[in-house]
Amino acid sequence: MHHRLCPSARDATGRLIVATAPDAMRGGLPELSYAYGCETVARPCSEDEVNRLIERVSSAMVREVDMTAVDGTDDDTTDLRELANQPPVVRYVNLLVRDAYDAQASDIHLEASREGLTVRFRLDGVLTVVPEPPASMVKAVVSRLKLLAELDVAEHRRPQDGRVRVRMEDACEMDLRISTVPTMFGESVVVRLLDHGGQPATLEELGFDAGQLTEMDRICRRPHGLVLVTGPTGSGKTTTLHAALRRRDLRSEKVVTVEDPVEYQLPGIAQVPVQRKAGVTFGSALRSILRQDPDVVMVGEMRDPETAQMAVQAAMTGHLVFSTLHTNDALGAIPRLIDLDVPDYLIGATLEAVLAQRLVRRTCTECQVEYTPPSQHVALISGRPAGQPRFFRGAGCPKCRGTGYRGRIALFELLRVDEEIREAIAAAASRRSLRALFEDNGAATLRADGWAKVQRGLTTVEEVLRVAQ
């Protein structure tokens with residue numbers, strides 16, 4: 001677009017031929033190479049020829065896609081709304097969402113810059129550049145997304161959040177969570193894609209080894225207590241919790257969750273969405289849920305003292321409570337609970353286990369090749385490995401969009417709270433003492449679990465260091 005570059009064809013070797021105008025910004029060639037997953041070759045062309053190619057690609061990009069909003073609005077039309085409802089804009093946004101869905105992206109990121117709008121998909125946790133809309137459509141595209149989520153299209157000075165459910169051409173329904181933030185050159189918009197009919201993975205599919213799986217199965221079947229999953233945003237905590245809930249007998253037990261948002265719809269489980277405008281928060285919902293005599297409760301996140309204290313009290317009174325915290329490792333959950341005004345003795349009495357996790361990209365099996373990583377990187381995650389381990393990575397192919405990775409797998413650090421650790425927590429033992437007890441139990445750290453998965457060819461040394469340094 002503004003780079004004056006346009007993909008035109010592929011040669012016999014699969015390289016992308018890029019038409020370049022005389023005033024082209026050739027710095028965009030590496031971005032095209034990354035986006036298309038192949039080598040690019042510049043082909044000098046006249047200004048008119050490049051313009052014709054861009055028009056042809058743009059017309060193809062805005063072809064009709066059968067995707068309609070399930071919940072729409074019929075507010076009075078304004079200038080911005082008229083702009084957002086223009087057919088080319090509607091078709092571009094529909095196609096953008098469709099392409100993100102087909103690529104199995106978790107988010108769409110649209111960021112305003114001096115030159116226009118940068119568009120990227122988050123694929124397997126990493127942002128990947130995709131073609132941006134024409135400069136003339138930038139404001140209209142942002143307004144269209146805000147209109148879908150029933151946000152104020154005339155408000156550009158404050159953040160806004162909304163949601164919309166859409167139906168794709170194959171009758172698949174998706175929830176789009178749309179967030180806008182004002183920036184220097186316009187608005188930054190993030191669209192999170194949630195498959196409305198998607199089913200969570202099982203514990204077996206998440207990447208637990210045999211020993212961890214046995215421990216998790218035992219923990220999930222406990223009659224009462226507190227089980228926590230920790231990690232940063234986007235590390236798969238909710239997916240793990242839903243997989244744990246499926247270990248329960250949903251026909252004979254009352255299982256209730258409170259979530260923000262409800263990402264998976266599970267049969268046999270009462271799921272309560274957080275609605276802050278209506279006064280439904282984690283704390284208030286949990287207080288009401290406990291009056292319904294549940295056997296198992298899942299709290300999407302403990303972020304305030306009220307929620308944390310009520311969750312611990314529920315664990316004390318015969319309920320099994322699952323929840324999440326944002327901490328760097330499993331042991332970090334203990335000081336975090338203390339920060340949330342939960343007394344040491346209650347933590348020691350109720351905490352059953354803490355699972356810390358990170359997501360790493362899987363090595364693409366279609367283009368997997370053997371390689372030798374830098375020895376200093378290997379030493380960081382393994383110390384001095386015995387023997388001569390073999391390492392594999394993806395060379396890049398169309399299936400993995402040239403990245404060498406396809407899909408994700410989790411690294412785990414499981415802290416099983418035994419009587420010795422309970423006494424140490426209740427006695428306000430130092431983190432160093434708790435770490436010594438944790439290691440004495442033979443539990444694997446995040447990095448050790450990553451090393452085991454590297455040796456099995458599931459991921460690479462670089463990926464483990466990226467998330468577990």
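## Confidence of the model

The average pLDDT of the chain is 84, and 87% of the residues score at least 70. The structure is a predicted model. Among the elements of the chain, the highest mean pLDDT, 96, belongs to strand 11 (residues 225-230), and the lowest, 47, to strand 4 (residues 68-69).

Over residues 59-78, pLDDT stays under 50. For residues 59-78 the model has 46 contacts beyond four places in sequence.

## Nonpolar cores

The largest nonpolar core has 40 residues, of which Leu226, Leu228, Leu337 and Leu351 touch the most other members. Helix 10 (residues 305-316) gives the most to this core, with six residues. Apart from this core lies another, of 34 residues, including Val93, Ala112, Val138 and Cys172. In soluble globular proteins, nonpolar side chains tend to be buried together.

Which residues are in contact with leucine 337, leaving aside its neighbours within four places in sequence? They are Leu226, Leu228, Met302, Leu325, Val342 and Ile347.

## Helix 4 and helix 5

The axes of helix 4 (residues 87-102) and helix 5 (residues 138-148) cross at roughly 70° and come within 10 Å. Helix 4 is therefore roughly perpendicular to helix 5.

On the side of helix 4, the contact is made by Val89, Val90, Tyr92 and Val93. Helix 5 takes part through Ala140, Val141, Arg144, Leu145 and Leu148. By class, the contact of helix 4 with helix 5 has eight nonpolar residues, one charged residue and no polar residues.

How values were computed. Residues are numbered from 1 along each chain as its sequence is written. This is a predicted model: local features need pLDDT of at least 70, side-chain atom pairs count only at pLDDT 80 or more; totals for chains, interfaces and linings use all residues. Side-chain values use heavy atoms; hydrogens and water are left out. A nonpolar core is a set of buried Ala, Val, Leu, Ile, Met, Phe, Trp, Tyr and Cys residues joined through side-chain atoms within 4.5 Å. Buried means under 20% relative accessible area, exposed over 50%, partly exposed in between (1.4 Å probe, protein chains only). Helices (H or I, at least four residues) and strands (E, at least two) are DSSP runs, numbered from the N terminus. Contact means heavy atoms within 4.5 Å. pLDDT is the predictor's confidence in each residue, from 0 to 100. Axes are lines fitted to C-alpha atoms, for helices over the stretch in contact, and angles run from 0 to 180 degrees between N-to-C directions. Angles under 35 degrees count as roughly parallel, over 145 as roughly antiparallel, 65 to 115 as roughly perpendicular and the rest as oblique. Ala, Val, Leu, Ile, Met, Phe, Trp, Tyr, Cys and Pro count as nonpolar, Asp, Glu, Lys and Arg as charged, and the others, Gly among them, as polar.
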